[in-house]
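Please look at the sequence and the structure before reading on.

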Amino acid sequence: MKKSYKIEVDCANCAAKMEDATKKTAGVKDANINFMALKMKVEFEEGADPKEVMPRVLEACRKVEDDCEIFF
Ligand SMILES: [Zn+2]
C-alpha cells in the first residue's frame, strides 16, 4: 500500500535525512520525499497499518528536525 502525505520541513538536507529515517522505520517498505513539493510518499509493508506506522515515522523524523510536521 502506498500513501502520500503533505509535510513541513525547512531544508533539503533535513528532508533527505527524514527520508532515510522513514525507510528504517518498522512497517515501511520504501519512502520518498520531494522537498520542492513538500510531499512524502510512503510504501507500507504488507499488512502494516499506516495509522500505527505513521506516528513512528513522525517520531523518527523529529529526531532529524524537531519541528518538522507530517500531516496524516
Ligand atoms: Zn534542516
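The model is a predicted one.

**Salt bridges**

The whole structure holds two salt bridges. The table lists them with the distance between nitrogen and oxygen.

| Salt bridge | N to O distance |
|---|---|
| Glu-19 and Lys-23 | 3.5 Å |
| Arg-62 and Glu-69 | 3.1 Å |

Glu-19 and Lys-23 both belong to helix α1, four residues apart, which puts about one helical turn between them. Glu-19 is buried, at 16% relative accessibility, while Lys-23 is partly exposed, with a relative accessible area of 35%. Glu-19 counts as buried because its 16% falls under the 20% cut-off.

In the other pair, the side chains of Arg-62 and Glu-69 meet. Arg-62 is partly exposed, its relative accessible area being 33%. Glu-69 is likewise partly exposed, at 24% relative accessibility.

**Negative surface patch**

Which residues form the negative surface patch? The patch is made up of Glu-8, Asp-10, Asp-66 and Asp-67. One of these, Asp-10, sits in the loop that runs between β1 (2-8) and α1 (12-23). Asp-10 is exposed, with 56% relative accessible area; the cut-off for that class is over 50%.

**Cysteines**

How many disulfides does a search of the whole structure find? The search finds zero. For Cys-61, the nearest cysteine sulfur belongs to Cys-68 and lies 5.2 Å away, and Cys-61 is in no disulfide.

Is Cys-61 buried or exposed? Cys-61 is buried, with a relative accessible area of 0%. Cys-11, by contrast, is partly exposed, and its relative accessible area is 27%.

**A positive phi angle**

Leu-38 has a phi near 55°, which is a positive value in a residue other than glycine. Where is Leu-38 found? Leu-38 lies in the loop between β2 (28-34) and β3 (39-44). With 24% relative accessibility, Leu-38 is classed as partly exposed.

Technical notes
Residues numbered from 1 in each chain as written. Predicted model: local features only at pLDDT ≥ 70, side-chain atom pairs only at ≥ 80, totals over all residues. Heavy atoms only, no water. Patch = residues over 30% accessible without salt bridge, like charges linked within 9 Å, V, L, I, M, F, W, Y side chains within 5 Å. Areas by Shrake-Rupley, 256 points an atom, 1.4 Å probe, with all protein chains shown as cover. Salt bridge = Lys/Arg side-chain N within 4 Å of Asp/Glu carboxyl O. Lys, Arg positive; Asp, Glu negative; His and termini not counted. Charge placed at Lys NZ, Arg CZ, Asp CG, Glu CD. Helix = DSSP H or I, 4+ residues; strand = E, 2+ residues; numbered from the N terminus. Buried < 20%, exposed > 50% of the residue type's maximum accessible area, 1.4 Å probe, protein only. Disulfide = S-S within 2.5 Å.
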